[in-house]
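Student: Hi! I'm new to this one and have just opened it. Can we walk through it together?

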Amino acid sequence: MVNIQEVNKYLYKYREEILPKYWYNIIPDLPKPLPPPMDPKDTNSRIELLQRILPKEVIKQQFTIDRFVKIPDEILEKYVVVGRPTPLFRAIGLEKFLDTPARIYFKYEGALPTGSHKVNTAIAQVYYAYSENVEGVTTETGAGQWGSAVALASSLYRLKSIVFMVKTSYDHKPARRSLIEFYGAEVVPSPSKITRFGRSLLENNPDHPGSLGIAISEAIEYALEHGYRYVMGSVIDVVLLHQTIIGLEAMRQMELIGEEPDIIVACVGGGSNFAGLAYPFIGLRNKGKRFIAVGSAEVPKFSKGEYRYDYPDTAGLLPLLKMITLGKDFVPPPIYSGGLRYHGLAPSLSLLIRERVVEAIEYREVEVYKAARIFAETQGIVPAPESAHAVKAVIDIALEARKRNEKITILFNLSGHGLLDIDNYKSMMIRYGRF
Ligand SMILES: *Cc1c(COP(=O)(O)O)cnc(C)c1O
């Protein structure tokens, strides 16, 4: 007979062993000082705006130079509620299929309730807003990944949340929209009637399709005028800090099975899931390791981007950041990886790529789609189209290892599952064939 108390004790011990008590901040360990956020040379200070719309503790963490930042118990408790630590898998099905001597491990962030890593920072930012006794939080969402993470985090702390969802997604992504509403959040199609900016756009064009930039502007305006706080999904340092829970857990899990990764791989939109997995290794245990950031060739920021100050948001409301960017007005082609269509890249990751600590590669959607199919058919998990970029890189590395007969250990981040993206995959099957 299984003794349930023994099982619970074991599970508790396992969690205690693996779940870190601190996030890791790479800023003091970068090879060069990080260029700070800047205000443009006009009248409105974006940095002051940021200080008014973000929770105070989030601002403090954004600018901290402490190497470790304590995770409050109230946040750790919610991390456990949503399923942290997330599992570390060995991809034996994929290894066999590729007939490779490489050992392939992945951290599965898709095991979290909204299907991706985004809830790691949503829980933290919403908690800090909640502890300031504010009215609620606002944010924007395109495809809906970030919106559903914020909606879930808000429901855990019983805080109101308003998600401005780009009108075209609101109309065409009913599943994500329903998920956000199911968690009790209010979803507003953007442009909306509840902000001045939204109303001004609708006056000129009642059928305005909206954009992420417009949704950000509305979320910020609403936060300013109604005593809400604004929460951000990627790119800024504090978001990357919160995501390091992924890498810190993975480091412990690898230790427990006596493994040390040689190559660490993750996909890159704004850079948060890559930083989450890789930064603890880069800063604390980088000896002999390679780090590979994988982007989309349709959004070629690695190959064609410039390293300069640019706005992180299309509307130009937030402070300028020194980053690798295609320009804030870059219009991405309609690839299915919504999370990788972003024009820029987190400042610390931009610097690490410039300093050649991190290698950057890009793949075309058709190649990524094939990798996603291979992964689904050999491992069972349908990867998010974003995460499938990392899968594609891992397949290439493992095949190279076969050629050279190298027994390397690969660790990658499966940042999300693709079950809510299955219609996108269906479209790709029609576009690219079943092969
Ligand atoms: C949003 C998202 C990404 C891209 O964002 P990063 O900040 O670069 O991590 C990648 N994968 C999934 C599953 C996402 O939802």
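Student: Which residues come nearest to the ligand?

Tutor: Keep in mind that this is a predicted model. There are 18 residues around the ligand, and Lys 118, Ser 234, Gly 269, Ser 272 and Ser 415 come nearest.

Student: How far is the side chain of Lys 118 from an oxygen atom of the ligand?

Tutor: An N or O atom in the Lys 118 side chain sits 2.5 Å from a ligand oxygen. For Ser 234, a polar side-chain atom is 2.6 Å from an oxygen atom of the ligand. Gly 269 uses its backbone: an N or O atom there is 2.7 Å from a ligand oxygen.

Student: And how much of the ligand does the protein bury?

Tutor: The protein buries 97% of the 390 Å² that the ligand exposes when taken alone.

Student: What classes of residue make up the shell around the ligand?

Tutor: The shell has 13 polar residues, three nonpolar ones and two charged ones.

Student: Is Lys 118 buried or exposed?

Tutor: Buried, because its relative accessible area is 19% and the cut-off for buried is under 20%. Setting aside neighbours within four places in sequence, Lys 118 is in contact with Gln 145, Trp 146, Ala 149 and Gln 243.

Student: Let's zoom out. Which residues does UniProt list for the domain?

Tutor: The unreviewed entry lists residues 84-416 for "domain: Tryptophan synthase beta chain-like PALP". Over residues 84-416, the chain is 44% helix and 19% strand.

Student: OK, phi then. What is phi of Val 235?

Tutor: Phi of Val 235 is near 70°, a positive value in a residue that isn't glycine. Val 235 lies in the loop between strand E8 (229-230) and helix H12 (237-243). With a relative accessible area of 6%, Val 235 is buried.

Student: What about phi of Arg 356?

Tutor: Arg 356 has a positive phi too, near 60°. You'll find Arg 356 in the loop between helix H16 (347-354) and strand E13 (359-363).

Student: Is Arg 356 buried or exposed?

Tutor: Exposed, because its relative accessibility is 74% and exposed means over 50%.

Student: New topic: where is Ser 154?

Tutor: Ser 154 is part of helix H7, which covers residues 145-156. Ser 154 counts as buried, at 1% relative accessibility.

Student: What does the side chain of Ser 154 reach?

Tutor: Its side chain reaches the backbone oxygen of Val 150 at 2.8 Å. A polar contact of 3.5 Å also joins the side chains of Ser 154 and Ser 161. Apart from neighbours within four places in sequence, Ser 154 is in contact with Val 126, Val 137, Leu 159 and Ser 161.

Student: Which other residues does Glu 298 touch?

Tutor: Not counting residues up to four places away in sequence, Glu 298 touches residues including Phe 330, Pro 333, Ile 335, Tyr 363 and Glu 365. As for Lys 403, it is 105 residues from Glu 298 along the chain, and their C-alpha atoms are separated by 29 Å.

Technical notes:
Residues are numbered from 1 along each chain as its sequence is written. This is a predicted model: local features need pLDDT of at least 70, side-chain atom pairs count only at pLDDT 80 or more; totals for chains, interfaces and linings use all residues. Side-chain values use heavy atoms; hydrogens and water are left out. UniProt positions are given in the numbering used here, feature names are shortened, and annotations may be inferred rather than shown by experiment. Helices (H or I, at least four residues) and strands (E, at least two) are DSSP runs, numbered from the N terminus. Buried means under 20% relative accessible area, exposed over 50%, partly exposed in between (1.4 Å probe, protein chains only). A polar contact is a pair of N or O atoms within 3.5 Å; within protein, one must be able to donate a hydrogen and the other to accept it, and residues adjacent in sequence count only if both atoms are side-chain atoms. Contact means heavy atoms within 4.5 Å. A residue is near a molecule or strand if one of its heavy atoms lies within 4 Å of it. Accessible areas come from the Shrake-Rupley method with a 1.4 Å probe; for residues, only the protein chains shown count as cover. Ala, Val, Leu, Ile, Met, Phe, Trp, Tyr, Cys and Pro count as nonpolar, Asp, Glu, Lys and Arg as charged, and the others, Gly among them, as polar.
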